[in-house]
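Here are my notes on the structure you asked me to look over. Have it open while you read.

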Amino acid sequence: MPYFTPDFLDFFKELAANNNRDWFTENKKRYERSVKEPFNVFVQDVIDRAAKTDDRFAGLAKDAVFRIYKDVRFSKDKTPYKLQMGAVIAPGGKKDVTSPGMYLELGPEHFRFYSGVYLPDKDVLQRIREYILKNLTELDKLLSDKKFVENFGELRGEKNKILPKEFKAAAEKQPYLFNKQFYFFATLPPETILEENLADVVMNYFSASEPMRNYLSKAIGS
């Protein structure tokens, strides 16, 4: 049985045109029935399956799932609700912005699986760059691996224009040393979430991401 019905996608399509508190209040029970509750069940299943391969991922969906309510204090867009559901499945849950886990984003525009390191602080970024510098050949192999390329294409992330001098020479051969972020993702049609084997789809991407996740985990811990 699928986790979601078509009303998951319909809810967000309608919310996009009615992103206000009155409409959401009128449709809150629908949100809980068609969106929140099945999403929590789905995320918990993915957490449990990931934990079987790596017990660091064990946890509860409530610690992984982001609220639908936006923080609009510093945003020009004052609409109060997000137009997709998201969850971070990582050793520290949604507060873990460093560990290479997975971020799942489900909405009417697409379904995405993300992994990698999205918000490394200054010290973590330095460790990643130092590890890459010492392990350039391994990174080259991972980036050209057929399974990684077919599923994710490439590493992504914002880049620094200037590098510390110890990385400059190596960056001519490996431009990813300029990166401030090291993430990758796969994009699927939104209707993918209506399939019965959705958890299998996620776990296949989780498996495909493992070599790069391990590389980045070693870099962070180095």
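The points below go from the overall layout to the sheet and then to the helix packing.

1. First, a reminder that this is a predicted model. The protein has 8 helices and 4 strands. Reading from the N terminus, the order of elements is α-α-α-β-β-β-α-α-α-α-β-α. The radius of gyration is 19 Å, close to the 17 Å that the globule rule gives for 222 residues, so the protein is as compact as a globular protein of that length. Along the principal axes, the C-alpha trace spans about 60 × 40 × 30 Å.

2. On to the sheet. It is open, with 4 strands in the order β1-β2-β3-β4 and antiparallel pairing. β1 (85-89) and β4 (182-188) sit at the edges with a single partner strand each, so one side of each has no neighbour in the sheet. From one strand to the next, the twist averages 15 degrees.

3. Which residue in β3 is the bridge partner of Y103? That would be Y114. As background, strands of a sheet pair through backbone hydrogen bonds, either parallel or antiparallel.

4. Next, α3 against α8. The axes of α3 (residues 28-53) and α8 (residues 198-221) come within 10 Å and cross at roughly 40 degrees, which means that α3 is oblique to α8. The crossing of α3 past α8 is right-handed. On the α3 side, the contact uses F42, V46, R49, A50 and T53; these meet L198, A199, D200, V202, M203 and F206 in α8. By class, the residues of this α3 and α8 contact come to 8 nonpolar, 1 polar and 2 charged.

5. Last, α5 against α8. Here α5 (residues 136-144) packs on α8 at an angle of about 155 degrees, with the axes 10 Å apart. Angles over 145 degrees count as roughly antiparallel, and α5 and α8 are therefore roughly antiparallel to each other. α5 passes α8 in a left-handed crossing. Look for E138, L139, L142 and L143 in α5 meeting P211, M212 and Y215 in α8. This α5 and α8 contact has 6 nonpolar residues, no polar ones and 1 charged.

Terms used:
Residues are numbered from 1 along each chain as its sequence is written. This is a predicted model: local features need pLDDT of at least 70, side-chain atom pairs count only at pLDDT 80 or more; totals for chains, interfaces and linings use all residues. Side-chain values use heavy atoms; hydrogens and water are left out. Axes are lines fitted to C-alpha atoms, for helices over the stretch in contact, and angles run from 0 to 180 degrees between N-to-C directions. Helices (H or I, at least four residues) and strands (E, at least two) are DSSP runs, numbered from the N terminus. Angles under 35 degrees count as roughly parallel, over 145 as roughly antiparallel, 65 to 115 as roughly perpendicular and the rest as oblique. A crossing is left-handed if the near helix is turned anticlockwise from the far one by less than a right angle, and right-handed if clockwise. Contact means heavy atoms within 4.5 Å. Ala, Val, Leu, Ile, Met, Phe, Trp, Tyr, Cys and Pro count as nonpolar, Asp, Glu, Lys and Arg as charged, and the others, Gly among them, as polar. Two strands pair if DSSP finds at least two bridges between them. The radius of gyration is taken over C-alpha atoms; the globule rule is 2.2 Å times the number of residues to the power 0.38.
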